[in-house]
Amino acid sequence: MNPNILLRNNVKVAGSGTRPMIFAPGFGCDQNVWQSVAKDFEEEYQIILFDYVGSGNSDIEAYNVERYSTLEGYAQDVLDVCSALDLKDAIFVGHSVGCVIGMLASIKHPEYFSKLVLVGPSPCYLNFPNDYYGGFEKEQLLGLIDMMDKNYIGWATAFAGTVMNNPDRPELKRDLENRFCSTDPIIARQFAEVTFFADNRKDLAKVKLPSLILQCSEDVIAPSAVGEYIHKHLPDSTLKMMKATGHCPHISHPEETISLISQYLDEFNTNDL
Amino acid sequence: MNEQLNEAPCGYFTLSEEDAILSVNQTLLKILGYNLDQLNGQPINFILSASAILFHQLYLVPLIKLENHIEEIYISLKSVDDEEIPVLLNAVRRERDGRTIIECVVIPMRKRNELENELLIAKKEAVTALNARNKAYSDLENAHETMKVQKDKLIELNKKNEKYKVDTEREMDLAKKIQETLLPVPIINEHVEIQAYYKGSNQLSGDLYGFYQIDAQRYGLILLDVMGHGLSSALITMSLQSIFQRLIIKGSEVKTVMKELDDHLHSLFKNTSETGHYCTAVYLLIDTDKREINYINAGHPSVLLQDMNGKQYQMRSNRPPLGMFEDMSFKTNTLTYNKGSKLCLYTDGVEEPLGSDRLCSLVKTYSAAPLSTLKEEIIQSLRNEEDSDSRKDDQSLILVNLK
């Protein structure tokens, strides 16, 4: 076990089960997004939560512009954590870009994983006319980056302000510590560019593990057409349409998310028997 | 919605937990160009720009869910005419009348947005300039480092060169000494007195001479000047020396000696594209009994013969230098001398500074004096000429008194 990696990626291990289940957050989010979902699997599984370098409570000093200029760099974070904990046949649960990161990790080292659960995945966010519908035009994605640029100052000061002006409310301090999307602005910006301009469509066919795709209704980030595209190109995949709307069912609709994942895993366990 | 909120100087709207629009105040309806019926029940995405839809989904949904409020968020709304309206957004998630709603306030910020755009552009330019400066600085440092390394290399190389030069000079001095040991010692007996003088140039010598007593009455005298100086000329000189010494000592004929030397020079460069070195040479075979000299002069300065009455005769070159043309025949010249004659052989290193006339007159002037006096006088004359022409050539001189 490499304690440096565990510190670097703020790895948290919980649960009373033996079978490992590793949760990878989506863009700009830290491990806290998995709180409600992960809790439900603690009895049966060994739960592993982590933050990508640059997100959450990871060691920001370990950030390296070159390494994290592609999703492979983030996939290496996942592999480092798996290696540090000596994982085998883990169930990988990813959200959004975390799904592609998990796929890339599983292509490189399939032995660490047994199956992939992909919540709101998208291999490519850009539209390619007559070829592929990712949901976004280039200008719209550039607009998002611009919006991130303009909100940096707002966030940084807002968070700091909340603490400073409320010395008699220590729970806000705790909120801050558990804050969501607490990513360094410069790192977040690079992550956004890496995420939203990536095209990993060709990698889908290289994934050899069975996978579950959880597709939300009315997901503007990963529309249903994208979910279907992945299902078509990802070997051994199961597609489940969710009642949950939006892009973050693990936050907005944890119960449905949990039940679909359990159902999928149970089917496997039954088959195993 | 009460009238004050409805007409408030800011946009106000509420959302359900599923992000459906529940209410919108008049101010916001006016900003967006919709009426209430068009918006009621619509998802919030309906009034967001495409970039804002992404941003809302990625940041605002989780942020509101986990923190229950957001403040000062820049986002752009979309009007009925598809116009983007930059706004600042505050939102609070709270329980009201038994259900969870999200209350939002927006303030358009077109002017401030322009200012921020300009600030961002200025900031990007500043960052670009800073990066360029840092890069230029690091390039400069690298160049400096490279230069330092090259300078060190150069110094190292220079040291090696210096050492090489010293080593080479030492080797050259040694080689010169070895060459000089090959020069013969004077011969003095009842028939003949032979004295010589040699002064090398700064480099290795291309001049070489030898004189040998072959038997009771025969003496062989040879003088050569290989074209050029330095290592190659010196090595050729050495190889010629071993040949003529062997031939002369066993009393070979004059033309045999010269022919062998000529053949050797041709054979040296037979299989190379190098230009052959040639060599001027004169060989005299003296018979003191018959008082006869057989000689061949191949391209060499004339040999001076002066009889006891002071009459002078030049043994001129009668063929091209050795090593120049192949397969040429050698013709031996013969002349007789009488008692008290003198011979003076020299290379062009002696002839050029003094001139043959000066040499002739020196020999004549000191005809009665001992040979050593004549030698000293010639050497002195050479020294007098030295400063004008700083010893570019080897100087060899052989003086013979035929008793």
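Guide: The model is a predicted one. On helix 6 of chain B, the face turned away from the buried side carries B:Ser242 and B:Arg246.

Visitor: Which residues of helix 6 of chain B are buried?

Guide: They are B:Ser233, B:Ala234, B:Ile236, B:Thr237, B:Leu240, B:Phe244, B:Leu247 and B:Ile248.

Visitor: How do you know that they are on the same side of helix 6 of chain B?

Guide: Around the axis they cover an arc of only 155 degrees, which places them on the same side of the helix. In general, an α-helix has 3.6 residues a turn, so residues three or four places apart point the same way.

Visitor: What do these buried residues pack against?

Guide: Their partners in chain B are helix 5 (110-181), strand 8 (207-213), strand 9 (218-226), helix 7 (254-268) and strand 10 (279-287).

Visitor: How do you know that the span of helix 6 of chain B agrees with its number of residues?

Guide: At 1.5 Å a residue, the 20 residues of the helix (230-249) should span 28 Å; the end C-alpha atoms are 28 Å apart, and therefore the two agree. Just after this helix, B:Gly251 adopts a positive phi of about 75 degrees.

Visitor: How many residues of chain B are in contact with chain A?

Guide: There are 25, and they meet 25 residues of chain A. Helix 4 of chain B contributes the most to that side, with 15 residues.

Notes:
Residues numbered from 1 in each chain as written. Chains lettered and ligands numbered in written order. Predicted model: local features only at pLDDT ≥ 70, side-chain atom pairs only at ≥ 80, totals over all residues. Helix = DSSP H or I, 4+ residues; strand = E, 2+ residues; numbered from the N terminus. Expected span 1.5 Å × (residues − 1). Buried ≥ 20, exposed ≤ 12 C-beta atoms within 10 Å, placed from the backbone. Arc of directions from axis to C-beta. Contact = placed C-beta atoms within 7 Å.
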